[in-house]
Amino acid sequence: MTVAVTGATGFLGLRLVRELLERHPSLLVLAHAGSPDALERIGRFLERSGTPRTVISTLPDRVRVIPVELTEPRLGLSADDYEALAGELEVLWHCAGSVDPEVGIEKLRLANVTATRNVLDLMDAAPRKPLLHYVSSAFIAGSRREGVIDEDALDDLPGFENAYERSKHEAETEVRAWADERFRPVVVHRPSLMITDAPAPGDLWSHPLLNLVRSGKAQQRRMRLGWLRLPRWLRPTVRLVGQEDARLNFIPVADAAAAMARIADSVAENGPSGVVETYHVVHGSDVPVQAVVSVLEKSFPLRIKLVPQPPHRMRAVERITQVSSLEPYLSHRRTFDDARARAVLGPHGAETPIDLDYLLASVRTVGLGPRRLGSLDRVYLDYDAGHANSAELGGFVRFAGRPPTVDELREYIAARLPRVPDLSLALGPGRDWQRRDDLDLDYHVREIATVGGTGDVGLRAVVEDVLGQRLARTEPLWQLWLIHGYRDGEYAVLFKPHHALLDGASAEEALYRLLDGEAAESEAPKPWSGRPRVLRSVWSGIARYLRGFRPVSARPFSARGLTGERRVWWTTTGADRLYRAARLHRVTINEIYLAALSGMLREWPGMPWRTVPERMWALVPMTVGSSPGPDELGNHAVPLRVELPCDEPDPLKRLARVRASSVEQKNVIGTTRGMRSLPTWMVRLTCALTFSRWHVDLMAGNSRWTRKVDLMGAEAIGVVPIGMLHRDRPIGVFLGTHGDTASLCVVTDSALPASDGLDHLWAAALDELAPRVRATTPVWAAA
């Protein structure tokens with residue numbers, strides 16, 4: 001059976017091709033003659049959607065591409081080629097068309113109506129009388145905003161919301177008239193608004209909601225407002241005509257393609273029941289229009305208010321806000337009858353749920369071309385100039401079992417890269433982010449084996465070697481290393497991104513997604529609860545932040561002879577020791593960690609104190625707001641300055657001082673929320689002051705891995721975070737908890753002596769804070 005498809009490289013067409021390839025041994029693609037290589041686009045999509053490479057490698061043998069021009073007579077083919085094409089057709093799917101309501105009715109008629117007429121001419125020329133599957137739209141219902149839309153309804157009395165709806169209505173009218181006149185069977189598929197939560201790589205696909213956000217982002221960049229991040233109470237209000245109880249029907253495009261293919265299977269098996277069979281391909285649950293409003297508010301520095309009538313006088317911000325294609329749908333309260341489709345597909349309930357999280361994921365700003373570096377991105381990119389590796393983060397996850405091969409890992413990661421679109425960002429001309437569609441996984445996913453039986457000592461040597469290799473600035477700034485051989489039945493995966501690309505919390509989320517962990521959920525925007533006293537709030541916040549710079553650091557240790565090269569040690573203990581100590585003193589895990597860290601460093605002979613242990617100041621990164629969700633990776637953490645009272649011999653007094661300092665710093669978080677909104681020069685100045693030796697003495701990070709992490713069925717048995725070593729600082733300390741384990745990682749300059757004994761000092765410092773907690777024997781990775 002010869003099955004042909006138009007529009008095979010479009011948003012729906014790519015998914016439909018995947019469904020048809022599962023059902024038919026071969027496929028004929030009628031591709032636009034002026035478009036990029038159709039077979040290459042199909043292969044790229046299948047690869048990104050997780051299709052095995054063995055299947056993709058068969059595409060040249062299974063998919064035949066014929067370049068055509070649907071708007072031209074005979075599809076732009078010669079008479080012989082046209083006759084040969086018509087002679088082999090048995091089934092034709094017509095998916096091609098334009099969905100852009102802004103291009104004007106004439107261009108839409110050419111793409112949607114004229115092209116459909118030429119397809120019908122091809123059907124007339126086909127001697128085998130092929131079956132036509134025509135993809136229309138549920139929105140040919142036009143301006144009928146309430147009631148139930150029947151599957152067979154096709155009238156234009158209510159009018160249309162835009163030129164796109166009119167052109168699709170005219171095209172379907174042509175199809176029905178042709179079928180009635182020739183008595184030829186046609187299956188009409190009417191999908192609702194199709195979207196996807198998969199990030200759109202490059203120009204591979206798009207959809208109306210994503211197009212709306214893209215155009216708005218482009219306008220922000222043209223107005224040089226791409227950096228703007230305003231708190232909700234400072235955002236201007238845009239009034240849009242809409243109803244609070246309005247709703248829209250969205251359907252995941254993959255579900256729509258699967259439903260159409262199942263309908264086609266039913267028709268092929270049972271035969272068409274009439275000349276024209278129409279199916280509404282819709283979701284079982286409508287989405288409240290307030291969820292769409294929340295997506296817009298989260299995407300742009302605006303507040304949106306729905307009003308029943310157009311405002312008499314438009315504000316300046318309303319005149320430049322382009323949502324004209326969306327606004328008519330904010331008043332829709334109609335539903336679509338899909339009884340005929342349900343008779344084939346069964347009752348609703350198996351569809352992918354569409355909620356606010358799904359909508360937010362669907363408008364990830366992917367494939368927009370160059371994206372300007374954020375202010376914090378630029379700061380971290382400049383930070384390691386002349387100081388190799390200082391702004392490159394790290395961290396590794398340990399797994400029990402047989403390690404995969406590096407080729408297996410590359411194929412596994414390749415299928416999951418669409419979950420982390422930021423990993424395709426590389427530095428382009430002018431030091432802007434530029435997206436790479438084809439990553440060199442031979443560079444990004446690598447393998448290294450240690451000498452057998454060397455244990456944690458061998459693992460540590462490999463980790464230090466990897467951290468010492470500078471990331472290439474010509475590639476996206478990350479690598480993933482498979483490390484094995486150091487111990488039978490165990491292997492590790494080390495993730496190394498640059499801080500300009502991802503901060504610690506975002507790197508954690510990226511690793512979750514790459515290793516098939518549970519993804520974070522985006523939080524809905526919290527409703528505004530009143531206008532604060534603006535001036536008082538801003539000025540008091542600035543004053544609190546400036547007070548945090550006092551007192552200056554006494555610079556308690558010497559920086560002479562530092563090499564800038566990192567040495568890494570870690571120890572693992574039971575996480576219950578931290579949790580029980582926190583419950584005992586009614587403080588946070590972070591405060592227990594910092595108090596115990598003060599005690600450990602106080603007693604460590606390797607600390608390069610100038611004279612005696614003194615008070616130190618730690619820079620503690622804290623993520624502002626919720627954890628980064630699927631659309632919010634990048635640099636979100638703000639550095640807070642917390643006291644480490646190493647001069648205090650009493651452990652409980654150390655804890656009290658850490659607690660007081662932490663509470664004071666948390667009060668300034670509201671001010672530091674706006675750091676990403678500031679101009680680059682101001683952020684650079686603020687960070688220069690924050691990272692100076694007169695302000696902080698070391699970095700002390702803390703990450704809690706609260707979700708399951710696995711790789712190809714192997715569950716993680718431990719996580720060790722590794723942070724950047726600040727310039728002219730001899731030490732940095734990082735804590736990571738995962739499950740019932742807590743790993744303390746100490747990063748020191750190679751000029752410092754070996755960290756022997758730190759495992760016992762860390763255990764003793766914890767016991768001082770919770771003496772009733774029985775100590776477990778830690779495993780210390782040191783020579």
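Visitor: Which residues of α1 are buried?
Guide: F11, L12, G13, L14, R15, L16, V17, E19, L20 and L21 are buried in α1. Buried means under 20% relative accessible area; exposed is over 50%, and partly exposed lies in between (1.4 Å probe, protein chains only).

Visitor: What sort of model is this, and how are residues numbered?
Guide: The model is predicted: local features need pLDDT of at least 70, side-chain atom pairs count only at pLDDT 80 or more, and totals for chains, interfaces and linings use all residues. Residues are numbered from 1 along each chain as its sequence is written, and side-chain values use heavy atoms, with hydrogens and water left out.

Visitor: Why is α14 described as largely enclosed?
Guide: Helix α14 spans residues 375-383, and eight of its nine residues are buried, so the rest of the structure largely encloses α14. The buried ones are S375, L376, D377, R378, V379, Y380, L381 and Y383.

Visitor: Zoom out. How many helices and strands are in the chain?
Guide: The protein chain has 25 helices and 30 strands. Of its 783 residues, 55% are buried.

Visitor: What share of the contacts links residues 24 or more positions apart?
Guide: Such pairs make up 81% of the contacts in the chain with a separation of 6 or more. A contact means heavy atoms within 4.5 Å.

Visitor: Helix packing next. At what angle do α21 and α25 pack?
Guide: Helix α21 (residues 589-603) and helix α25 (residues 758-769) pack at about 130°, with axes 8 Å apart. That makes α21 oblique to α25. Axes are lines fitted to C-alpha atoms, for helices over the stretch in contact, and angles run from 0 to 180 degrees between N-to-C directions. Under 35 degrees counts as roughly parallel, over 145 as roughly antiparallel, 65 to 115 as roughly perpendicular, and the rest as oblique.

Visitor: Which residues meet there?
Guide: From α21 come I592, Y593, A595, A596, L597, G599, M600 and E603. They meet L758, L761, W762, A765, L766 and L769 of α25. By class, this contact has 12 nonpolar, one polar and one charged residues. Ala, Val, Leu, Ile, Met, Phe, Trp, Tyr, Cys and Pro count as nonpolar; Asp, Glu, Lys and Arg as charged; the others, Gly among them, as polar.

Visitor: And α5 with α6, how do they cross?
Guide: The axes of α5 (residues 79-88) and α6 (residues 105-125) come within 8 Å and cross at roughly 70°. The two helices are therefore roughly perpendicular to each other. Y82, L85 and A86 of α5 make the contact with N118, D121, L122 and A125 of α6. The classes are five nonpolar, one polar and one charged.

Visitor: What else does N112 touch?
Guide: Beyond neighbours within four places in sequence, N112 is in contact with G97, S98, Y164, S167, K168 and A171.

Visitor: New spot. What does the R239 side chain reach?
Guide: The R239 side chain reaches the backbone oxygen of R313 at 2.9 Å. R239 sits in strand β9, residues 237-241. Outside four places in sequence, R239 is in contact with K305, V307, P311, R313, M314, R315 and E318.

Visitor: Where is L75?
Guide: L75 lies in the loop between β3 (63-68) and α5. Phi of L75 is near 60°, a positive value in a residue other than glycine. L75 is buried, at 1% relative accessible area.

Visitor: And M712, where is that?
Guide: M712 lies in the loop between β26 (710-711) and β27 (714-722). M712 has a positive phi of about 55°, although it is not a glycine. At 37% relative accessibility, M712 counts as partly exposed.

Definitions and conventions. Helices (H or I, at least four residues) and strands (E, at least two) are DSSP runs, numbered from the N terminus. A polar contact is a pair of N or O atoms within 3.5 Å; within protein, one must be able to donate a hydrogen and the other to accept it, and residues adjacent in sequence count only if both atoms are side-chain atoms.
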